[in-house]
Amino acid sequence: MEVERMTEHINQAVTADVVERLGALPVANIGDAMQRLGVVEAEIGAVWRGARAAGPARTVEVAGGDNAGVHEVLDTLRPGDVLVVNGHGVRDRALVGELIAERLRARGCVGLVIDGAVRDVEDLEAIGFPVFARAVTPAGPYRNGPFRVGLPVAIGGVVVHPGDVVVADGDGVAVVPASEASEVLVRAEAKHADETRIREEITASASPA
């Protein structure tokens with residue numbers, strides 16, 4: 001399938017080392033390194049405190065309130081992927097709960113970013129599966145379709161291509177284009193090192209003599 005071949009190519013372009021090092025940085029530093037572009041709008045955030053995720057995007061677009069596409073993509077996930085779902089911002093139907101999260105985790109998926117709603121937040125925290133969503137609701141989804149898998153999607157004002165590096169923490173979500181990942185990493189690490197130095201200087205100046 002042509003879309004599948006395209007996704008494989010992009011994923012191979014970003015090395016595991018680059019993904020790991022981006023994932024170790026604060027999302028704020030990554031956003032600064034991209035001149036504040038590629039940062040998902042603030043309404044999409046962690047559904048439990050301490051959640052962090054980083055990995056190449058696996059994309060799906062679904063009809064609002066319908067999760068047939070999420071079920072379709074499950075068996076195509078690879079270890080290290082972050083599932084990115086364009087749920088069109090629908091807040092009153094949860095597309096993912098604890099059972100699907102368990103299946104995602106079993107496939108090696110390291111996180112979920114969804115422009116839509118989820119449920120079972122306490123269970124998601126208990127199993128340690130990082131989820132970033134627009135809303136939480138107990139109401140379940142429909143499962144009729146339509147959907148599109150493996151194509152660029154829009155979440156929170158940002159376009160995500162398959163294979164782009166998604167990094168998420170308590171501050172929010174940033175999307176690093178695969179073609180720019182190495183360059184963004186260099187700038188973000190430099191930004192983080194500079195902020196660390198300044199923080200240490202402030203701490204030292206505030207310490208009693």
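Modeller: Ground rule before we start: two strands pair if DSSP finds at least two bridges between them, and strands (E, at least two residues) and helices (H or I, at least four) are DSSP runs numbered from the N terminus. It's a predicted model, so local features need pLDDT of at least 70 and side-chain atom pairs 80 or more, while totals for chains, interfaces and linings use all residues. Residues are numbered from 1 along each chain as its sequence is written, and side-chain values use heavy atoms, with hydrogens and water left out.

Colleague: How many bridges join β2 to β3?

Modeller: β3 covers residues 82-86 and runs parallel to β2. Arg58 stands opposite Leu83 in β3. The count of bridges joining β2 to β3 is five.

Colleague: Which residue is the bridge partner of Gly55 in β10?

Modeller: β10 (residues 165-169) pairs with β2 in the antiparallel sense, over four bridges. Within β10, the partner of Gly55 is Val166.

Colleague: How many of the ten residues of β2 are buried?

Modeller: Buried means under 20% relative accessible area, exposed over 50%, partly exposed in between (1.4 Å probe, protein chains only). Strand β2, residues 53-62, is largely enclosed by the rest of the structure, because the buried count is nine.

Colleague: And Leu77, what is its relative accessible area?

Modeller: Leu77 has its place in the loop between α4 (68-73) and β3. Leu77 is buried, and its relative accessible area is 2%.

Colleague: What separates the C-alpha atoms of Leu77 and Ala133?

Modeller: Along the chain they're 56 residues apart. Between the C-alpha atoms of Leu77 and Ala133, the separation is 19 Å.
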